[in-house]
Amino acid sequence: MYHATLVRILADGKFYSGATLGARLGISRTAVWNHIQALARYQLDIHAVRGKGYRLASPIELLDRRIILDRLEDLSCAISPELDVLFDVDSTNRYLLEKSKVMTSGHAVCLAEYQYSGRGRWGRTWVSPFGSNLYCSLLWRSSLALSALSCLGLVVGVAVARALSEIGLTDHRLKWPNDLIWQGKKLAGILIEATGEVSGPVSVVIGVGVNVNMSMSAARDIDQPWVNLSEAVNRKVSRNTLSALMIANIFNTLLQFETQGFDGFREEWHAIDLLKNKSVVLRVGEENVNGYALGVDHQGALLVRFDSGEVKRYFSGEVSVRYGV
Ligand code: BTN
């Protein structure tokens, strides 16, 4: 509670004395010092200067629920979700999966400044430093059966690509099934977790993480090439604007998917497919297989042609491009 208030005061990057902060929070200067120390867990860079007080090394634009809701209205988002904007959480996906058990109808969105246990695909950790990236999850209730959702990840990839185009990004690619890549580096990832009956309506939690303004030090544990959106568009990006664009594009694209199926997206997907017509190596379970990517079929499966001429369809796996082949 004190942490969130402190960060909100310090967000403008100006100096605040211990006495001023204490008065604003109704606590002693020593207590302010203790809380400032505790903010270290968010890896926030706070300068403490004798005679001046405390300030953030650089100002941050915090997420603002009101601004995001207003933008969603301007963007004609076809769905009005319940929106939770959290200071910190283990994982926005986990939060919404839990919420879906008590909120039995309607759509919801959760955004957070910080995830202390952000989830990536294949059980990996998604590095989620404070206030610098986008951590966004959407709870979507679909009238489609679980079996019809095999290509949902690809559809969400198209939605994320659309949102990024609207923010001014060009030349981004989708790497099957749903990584967003810019100049060979990962810009955004998608993690979909579904609950519900196999035949009945499903609740799906769609998690999107976008690197926006992450520092090198926060990213030291990332073991693959990555890039920030601010670098890719060569300007500062407002996370509030990006949040609204992301939410509106994902919900509107999902509604399009419900009426058109994946057929309505295949052409758009192929236009930004990173792997199409490339030699690839696909990791399936413990095995690596080499082949040639032909694009995706009407169900979103990856089509791979082998030297023997045989073409196989893959619904899951990790792929990378084979260079110099
Ligand atoms: C990937 O591995 O590429 C998927 C990353 C997905 C990260 C997002 S951040 C918001 C949401 N909450 C999580 O815990 N994970 C997803």
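I began with contact order. Of the contacts in the chain with a separation of 6 or more, 66% are between residues 24 or more positions apart. The model is a predicted one, and I read every entry here with that in mind.

Next I looked up the secondary structure. The chain has nine helices and 14 strands. I then checked the radius of gyration: it is 21 Å, close to the 20 Å that the globule rule gives for 325 residues, so the chain is as compact as a globular protein of that length. I also took the extent of the C-alpha trace, which is about 75 × 50 × 35 Å along the principal axes.

I find 53% of the 325 residues counted as buried. The accessible surface of the chain is about 15,500 Å², and carbon and sulfur atoms hold 48% of that area.

The chain has 35 positive and 32 negative charges. Their mean positions lie 6 Å apart.

**Ser137**

I went to strand β5 and picked Ser137. Is Ser137 buried or exposed? Its relative accessibility is 0%, so Ser137 counts as buried; the cut-off for buried is under 20%.

What does the side chain of Ser137 join in a polar contact? I find the side chain of Asn93, at 2.6 Å. Asn93 is also on the contact list of Ser137, which leaves aside neighbours within four places in sequence. Thr92 and Leu96 are on that list too.

I noted one C-alpha separation here. Ser137 and Ser91 are 46 residues apart along the chain, and their C-alpha atoms are separated by 9.0 Å.

**Ser142**

I then moved along strand β5, which covers residues 134–142, to Ser142. At 2% relative accessibility, Ser142 counts as buried.

Which backbone nitrogen does the side chain of Ser142 reach? I find that of Leu144, at 2.9 Å.

I listed what Ser142 touches, not counting residues up to four places away in sequence. The list holds Leu149, Pro201, Val202 and Glu258.

**Closing entry**

I set the two serines side by side. Ser137 has its polar contact with the side chain of Asn93, whereas the side chain of Ser142 reaches the backbone nitrogen of Leu144.

How values were computed
Residues numbered from 1 in each chain as written. Predicted model: local features only at pLDDT ≥ 70, side-chain atom pairs only at ≥ 80, totals over all residues. Heavy atoms only, no water. Helix = DSSP H or I, 4+ residues; strand = E, 2+ residues; numbered from the N terminus. Rg over C-alpha atoms; globule rule 2.2 N^0.38 Å. Buried < 20%, exposed > 50% of the residue type's maximum accessible area, 1.4 Å probe, protein only. Contact = heavy atoms within 4.5 Å. Areas by Shrake-Rupley, 256 points an atom, 1.4 Å probe, with all protein chains shown as cover. Lys, Arg positive; Asp, Glu negative; His and termini not counted. Charge placed at Lys NZ, Arg CZ, Asp CG, Glu CD. Polar contact = N/O pair within 3.5 Å; in protein donor to acceptor, adjacent residues only side chain to side chain.
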